[in-house]
Amino acid sequence: YPFRLESSNTSSLCGAPCMKLGCYGDDTILVLPTAVTQYKVTAIDYRRGTLTLAPRVDDSSPSCKQKLMSMSLPASIINCEDPDPCSPLCRNGYATIVSCLREFIPSNLAANFISGPISCLSSTSQFSYLVAGYASMSVLPLDCKVVPDSYFLMATATAPTTLKEQAETILDFSGTTTIGWYGGVDATIAYNCTQCGRGGGRCGFSPDRNQ
(Lines give C-alpha, C1' and ligand atoms only; values in the text may rest on other atoms or scores of the structure.)
Protein backbone atom coordinates (compact mmCIF):
# COMPACT_ATOMS: atom_id res chain seq x y z
CA TYR A 1 0.00 0.00 0.00
CA PRO A 2 -0.67 2.55 -1.46
CA PHE A 3 0.19 0.54 -4.60
CA ARG A 4 -2.24 -1.98 -5.98
CA LEU A 5 -2.14 -4.63 -8.70
CA GLU A 6 -3.78 -3.71 -12.00
CA SER A 7 -5.16 -7.25 -12.33
CA SER A 8 -6.72 -7.21 -8.87
CA ASN A 9 -10.52 -7.27 -8.70
CA THR A 10 -10.49 -6.46 -5.01
CA SER A 11 -11.77 -3.29 -3.35
CA SER A 12 -10.09 0.02 -4.13
CA LEU A 13 -9.22 0.09 -0.44
CA CYS A 14 -6.38 -2.28 -1.34
CA GLY A 15 -4.57 0.60 -3.02
CA ALA A 16 -4.90 4.12 -4.39
CA PRO A 17 -6.56 4.43 -7.86
CA CYS A 18 -3.60 6.14 -9.56
CA MET A 19 -0.89 3.93 -8.11
CA LYS A 20 -1.29 0.72 -10.10
CA LEU A 21 1.43 -1.83 -10.76
CA GLY A 22 1.32 -4.68 -13.24
CA CYS A 23 3.44 -7.71 -14.08
CA TYR A 24 5.25 -8.39 -17.34
CA GLY A 25 7.37 -11.51 -17.13
CA ASP A 26 9.73 -10.98 -14.23
CA ASP A 27 9.31 -7.20 -14.32
CA THR A 28 7.10 -4.97 -12.19
CA ILE A 29 5.47 -2.39 -14.47
CA LEU A 30 4.07 1.04 -13.62
CA VAL A 31 0.63 1.29 -15.24
CA LEU A 32 0.43 4.62 -17.08
CA PRO A 33 -2.85 6.02 -18.43
CA THR A 34 -3.32 5.69 -22.22
CA ALA A 35 0.37 4.85 -22.69
CA VAL A 36 1.83 1.99 -24.65
CA THR A 37 5.33 2.50 -23.26
CA GLN A 38 6.09 0.28 -20.29
CA TYR A 39 8.26 1.43 -17.42
CA LYS A 40 9.85 -1.10 -15.06
CA VAL A 41 9.75 -0.21 -11.38
CA THR A 42 13.25 -0.88 -10.07
CA ALA A 43 12.83 0.71 -6.62
CA ILE A 44 10.17 2.24 -4.35
CA ASP A 45 11.21 4.67 -1.62
CA TYR A 46 8.36 5.06 0.84
CA ARG A 47 10.14 7.66 2.94
CA ARG A 48 10.84 9.99 0.03
CA GLY A 49 7.69 9.11 -1.87
CA THR A 50 9.52 8.25 -5.09
CA LEU A 51 9.63 5.55 -7.76
CA THR A 52 12.73 4.64 -9.74
CA LEU A 53 11.78 3.66 -13.30
CA ALA A 54 13.54 2.18 -16.30
CA PRO A 55 11.83 1.97 -19.72
CA ARG A 56 11.39 -1.43 -21.34
CA VAL A 57 13.28 -0.89 -24.59
CA ASP A 58 12.57 -2.87 -27.75
CA ASP A 59 15.96 -4.60 -28.00
CA SER A 60 14.83 -6.52 -31.08
CA SER A 61 15.29 -3.41 -33.22
CA PRO A 62 18.81 -2.49 -34.35
CA SER A 63 17.70 1.07 -35.12
CA CYS A 64 18.53 3.75 -32.54
CA LYS A 65 15.54 5.78 -33.75
CA GLN A 66 13.12 2.87 -33.33
CA LYS A 67 14.50 2.03 -29.89
CA LEU A 68 14.24 5.64 -28.78
CA MET A 69 10.69 6.10 -30.02
CA SER A 70 9.66 2.78 -28.46
CA MET A 71 10.23 4.33 -25.03
CA SER A 72 8.55 7.68 -25.76
CA LEU A 73 5.13 8.68 -24.44
CA PRO A 74 2.16 10.05 -26.42
CA ALA A 75 1.08 13.68 -26.23
CA SER A 76 -2.35 12.58 -25.00
CA ILE A 77 -1.10 12.22 -21.43
CA ILE A 78 0.58 15.63 -21.09
CA ASN A 79 -2.53 17.81 -21.39
CA CYS A 80 -1.69 19.69 -18.22
CA GLU A 81 -4.55 22.18 -18.56
CA ASP A 82 -7.03 19.34 -18.07
CA PRO A 83 -4.84 16.38 -17.15
CA ASP A 84 -5.78 12.84 -16.42
CA PRO A 85 -5.69 12.71 -12.60
CA CYS A 86 -3.24 9.83 -12.84
CA SER A 87 -0.87 11.36 -15.39
CA PRO A 88 2.72 11.49 -14.05
CA LEU A 89 3.98 13.99 -16.60
CA CYS A 90 2.20 17.06 -15.25
CA ARG A 91 3.44 16.43 -11.72
CA ASN A 92 6.91 15.32 -12.66
CA GLY A 93 9.15 16.66 -15.37
CA TYR A 94 9.25 15.66 -19.02
CA ALA A 95 11.32 16.38 -22.10
CA THR A 96 10.41 16.19 -25.76
CA ILE A 97 12.25 15.83 -29.06
CA VAL A 98 12.34 18.95 -31.23
CA SER A 99 13.34 18.89 -34.90
CA CYS A 100 15.04 21.93 -36.46
CA LEU A 101 16.04 22.73 -40.04
CA ARG A 102 19.54 23.82 -39.08
CA GLU A 103 22.06 22.97 -36.44
CA PHE A 104 22.55 25.58 -33.73
CA ILE A 105 24.59 26.07 -30.57
CA PRO A 106 22.38 26.89 -27.56
CA SER A 107 23.25 29.97 -25.55
CA ASN A 108 24.68 29.49 -22.07
CA LEU A 109 21.19 29.92 -20.58
CA ALA A 110 19.50 27.68 -23.16
CA ALA A 111 22.08 24.94 -22.54
CA ASN A 112 20.23 24.21 -19.29
CA PHE A 113 17.14 23.25 -21.32
CA ILE A 114 18.50 21.75 -24.56
CA SER A 115 20.66 18.72 -25.36
CA GLY A 116 21.81 17.75 -28.84
CA PRO A 117 21.81 17.40 -31.70
CA ILE A 118 20.90 13.73 -31.34
CA SER A 119 23.09 11.97 -33.90
CA CYS A 120 20.87 8.96 -34.65
CA LEU A 121 17.82 11.17 -35.28
CA SER A 122 19.56 13.90 -37.28
CA SER A 123 20.50 14.27 -40.94
CA THR A 124 21.95 16.96 -43.17
CA SER A 125 18.54 18.65 -43.37
CA GLN A 126 17.01 17.84 -39.96
CA PHE A 127 18.60 18.27 -36.54
CA SER A 128 16.95 16.78 -33.46
CA TYR A 129 17.31 17.99 -29.89
CA LEU A 130 15.95 16.89 -26.52
CA VAL A 131 14.30 19.88 -24.85
CA ALA A 132 12.97 20.22 -21.30
CA GLY A 133 9.19 20.61 -21.19
CA TYR A 134 9.43 23.71 -18.99
CA ALA A 135 11.69 25.56 -21.47
CA SER A 136 10.44 28.68 -23.20
CA MET A 137 10.04 28.46 -26.98
CA SER A 138 12.21 31.58 -27.21
CA VAL A 139 15.33 29.46 -26.57
CA LEU A 140 14.78 27.69 -29.93
CA PRO A 141 15.14 28.90 -33.52
CA LEU A 142 11.82 29.71 -35.21
CA ASP A 143 12.10 26.78 -37.63
CA CYS A 144 12.00 24.16 -34.83
CA LYS A 145 8.97 21.92 -34.32
CA VAL A 146 8.05 19.39 -31.64
CA VAL A 147 8.11 15.80 -32.89
CA PRO A 148 4.67 14.23 -32.21
CA ASP A 149 4.43 11.67 -29.40
CA SER A 150 8.07 12.03 -28.37
CA TYR A 151 7.75 12.76 -24.67
CA PHE A 152 10.04 11.28 -21.99
CA LEU A 153 9.80 11.20 -18.21
CA MET A 154 12.46 13.23 -16.45
CA ALA A 155 13.71 13.05 -12.87
CA THR A 156 12.20 15.22 -10.16
CA ALA A 157 13.95 17.58 -7.76
CA THR A 158 14.39 14.64 -5.39
CA ALA A 159 17.09 13.33 -7.73
CA PRO A 160 18.70 16.50 -9.17
CA THR A 161 20.75 16.09 -12.32
CA THR A 162 21.39 18.33 -15.31
CA LEU A 163 19.36 17.96 -18.49
CA LYS A 164 22.51 16.80 -20.29
CA GLU A 165 23.01 14.00 -17.74
CA GLN A 166 19.38 12.94 -17.99
CA ALA A 167 19.48 13.09 -21.79
CA GLU A 168 22.48 10.77 -21.81
CA THR A 169 20.60 8.15 -19.76
CA ILE A 170 17.68 8.35 -22.18
CA LEU A 171 19.81 8.11 -25.31
CA ASP A 172 21.98 5.20 -24.15
CA PHE A 173 18.87 3.20 -23.06
CA SER A 174 20.46 2.22 -19.76
CA GLY A 175 19.42 4.92 -17.34
CA THR A 176 16.73 5.14 -14.70
CA THR A 177 14.45 8.01 -13.76
CA THR A 178 13.28 8.87 -10.26
CA ILE A 179 9.86 10.49 -10.10
CA GLY A 180 7.62 11.59 -7.24
CA TRP A 181 4.42 9.79 -6.36
CA TYR A 182 1.35 11.13 -8.09
CA GLY A 183 -0.59 14.09 -6.79
CA GLY A 184 -4.19 14.85 -7.78
CA VAL A 185 -6.74 12.45 -6.34
CA ASP A 186 -4.04 10.54 -4.47
CA ALA A 187 -2.17 13.51 -3.02
CA THR A 188 -3.36 13.03 0.56
CA ILE A 189 -2.82 9.27 0.44
CA ALA A 190 0.71 9.66 -0.95
CA TYR A 191 1.59 12.32 1.63
CA ASN A 192 0.27 10.28 4.56
CA CYS A 193 2.15 7.18 3.40
CA THR A 194 5.38 9.17 3.07
CA GLN A 195 4.99 10.56 6.58
CA CYS A 196 4.27 7.05 7.86
CA GLY A 197 7.42 5.69 6.23
CA ARG A 198 9.55 8.49 7.65
CA GLY A 199 8.25 7.60 11.08
CA GLY A 200 9.41 4.03 10.68
CA GLY A 201 5.93 2.57 10.06
CA ARG A 202 4.32 0.75 7.15
CA CYS A 203 1.58 2.42 5.16
CA GLY A 204 -1.77 0.67 5.08
CA PHE A 205 -5.51 1.33 4.98
CA SER A 206 -7.64 1.33 8.14
CA PRO A 207 -11.30 0.41 7.48
CA ASP A 208 -12.16 1.55 10.99
CA ARG A 209 -10.83 5.06 10.44
CA ASN A 210 -11.50 5.11 6.67
CA GLN A 211 -8.01 6.46 6.01
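Me: How many bridges join β6 to β9?
Reply: Heads-up: this is a predicted model, where local features need pLDDT of at least 70 and side-chain atom pairs count only at pLDDT 80 or more, while totals for chains, interfaces and linings use all residues. Residues are numbered from 1 along each chain as its sequence is written, and side-chain values use heavy atoms, leaving out hydrogens and water. Strands (E, at least two residues) and helices (H or I, at least four) are DSSP runs numbered from the N terminus, and two strands pair if DSSP finds at least two bridges between them. β6 and β9 run antiparallel, and the number of bridges joining them is six.

Me: Which strands stand at the edges of the sheet?
Reply: The open sheet has four strands, paired antiparallel in the order β7-β8-β6-β9. Two of them have a single partner strand each, so one side of each is left without a neighbour: β7 and β9.

Me: What angle does the direction of α2 make with that of β9?
Reply: α2 packs on the sheet, touching β7, β8 and β9 (contact: heavy atoms within 4.5 Å). Axes are lines fitted to C-alpha atoms, for helices over the stretch in contact, with angles from 0 to 180 degrees between N-to-C directions. For α2 and β9, that gives about 95°.

Me: Which residues of the largest nonpolar core touch the most other members?
Reply: A nonpolar core joins buried (under 20% relative accessible area, 1.4 Å probe, protein chains only) Ala, Val, Leu, Ile, Met, Phe, Trp, Tyr and Cys through side-chain atoms within 4.5 Å. β8 gives the most to this core, with five residues. Of its 27 residues, the answer is Ile114, Leu130 and Leu140.

Terms used:
Buried < 20%, exposed > 50% of the residue type's maximum accessible area, 1.4 Å probe, protein only.
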